[in-house]
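Hi everyone, thanks for having me. Please take a look at the picture on the screen, and then we'll walk through a few places together.

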Amino acid sequence: MREITAEDMEQRADEFDAAIAATPQIDHFCSSSFWILPAWRAFLPAHTLWARECEKGFVALGVGSDHSLGTYLHPLEASWALACPFAGADVEGLIANFIEQARGQMPAWNILFLSGIVPDSLHFDHLILGFRRHYSLGLGPSSVRRVASLEEGIEGFMRRRTSKFRANLRRIQRRADERGLTLEYHHSIEPENQAHALLDRALELERLSWKGEADTGIIDGPMKVFYRDMLPRLARRDALRFLFVTLDGVDIAYCFGGVFNNAFRGLQMSYHDDFRDVSPGSLAQMAMIEHLCEEGVAHYDLGTDMEYKERWAEEKRETVAVVVRR
């Protein structure tokens, strides 16, 4: 396997993402360069890159060290454990090459933390078969995401919702019309200045949301760094989608995410807490779905499973981490 430098990863991001898109049974968006490179730089900048390429595809990992764990390798995004480090359609061949590296040519390691693996998938089976004879194996945390089908457009989406859900959305829309709420949708976004300007608007609104008041949002720290790096990357490939709900020129809700491999990954959504009576968050969510359906996007990944997402998305998708110990 040939070494891939950090500079190579940036310059060959399109090629890497094409390999990710061809990889079966993974979270494509959260394994792509859109997600893993900003996550690495924002959350684990001191961890060195270990990335390799062969005729079967790419492997991208970070190298960390801990006084109790020793040296360990992990996907470049390890905060949510969603990223799969393997990019390539030939899963068996790629993992065989990786295991050969792990047995001899990889830096000395005590633990491999390989997240983003679907249980009973090809990746899972070949990792277990390849490592079980000479290494100790275990399972790391499970990550569950909610995904909605947008096939058959908005009519199909609504047909898969409950009658109570549909009636509530109609009430929200009537209330929005009565109050004069307007929608502002951004599709083709200039990568640097406009992407950051839209994020800055969202951050100002975030300060007035319950997330901002509880200090659980994206206003400061690594989360802000993460999104300021990610959004221009999405915009450069016309993959960024942004929506605001406004009232008399004032932003009261926002929703944004990225389109990759014919699926939309919702990234952040929030609303001004003083306007919760008009349900601006639900209004923004529904408006985004309508735009995605018009665009022909097939799925909406709402991210980590939460109770309210059950109403919006009918499918659960689970990934786990395979942990390999010497």
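Which residues are buried in helix α2, residues 13–21? Before I answer, keep in mind that this is a predicted model. In α2, the buried ones are A13, F16, D17, A19 and I20. Seen down the axis of α2, these buried residues fall within an arc of 155 degrees, so they line one face of the helix. Here is a handy rule: an α-helix has 3.6 residues a turn, so residues three or four places apart point the same way. And what covers the buried residues of α2? The cover includes helices α1, α3 and α4, along with strands β3, β5 and β11.

Next, a pair of helices. Two packed helices are described by the angle between their axes and the distance between the axes. Helix α5, residues 91–105, packs against helix α6, residues 122–131, at an angle of about 35 degrees, and their axes are 10 Å apart. The crossing of α5 past α6 is right-handed. By class, their contact has eight nonpolar, three polar and two charged residues. Among those on the α5 side are I95, F98 and I99, while α6 brings residues including L122, L127 and F131.

Last stop: A298, in the loop between α12 and β13. Is A298 buried or exposed? Its relative accessibility is 13%, and buried means under 20%, so A298 counts as buried. Leaving aside neighbours within four places in sequence, A298 is in contact with A148, S149, L150, E151 and N262. N262 is 36 residues away from A298 along the chain, yet their C-alpha atoms are separated by 5.8 Å.

Conventions. Residues numbered from 1 in each chain as written. Predicted model: local features only at pLDDT ≥ 70, side-chain atom pairs only at ≥ 80, totals over all residues. Heavy atoms only, no water. Buried < 20%, exposed > 50% of the residue type's maximum accessible area, 1.4 Å probe, protein only. Helix = DSSP H or I, 4+ residues; strand = E, 2+ residues; numbered from the N terminus. Arc of directions from axis to C-beta. Contact = heavy atoms within 4.5 Å. Axes fitted to C-alpha atoms, helices over the stretch in contact; angles between N-to-C directions. Left-handed = near helix turned anticlockwise from the far one by under 90°. Nonpolar A, V, L, I, M, F, W, Y, C, P; charged D, E, K, R; others polar.
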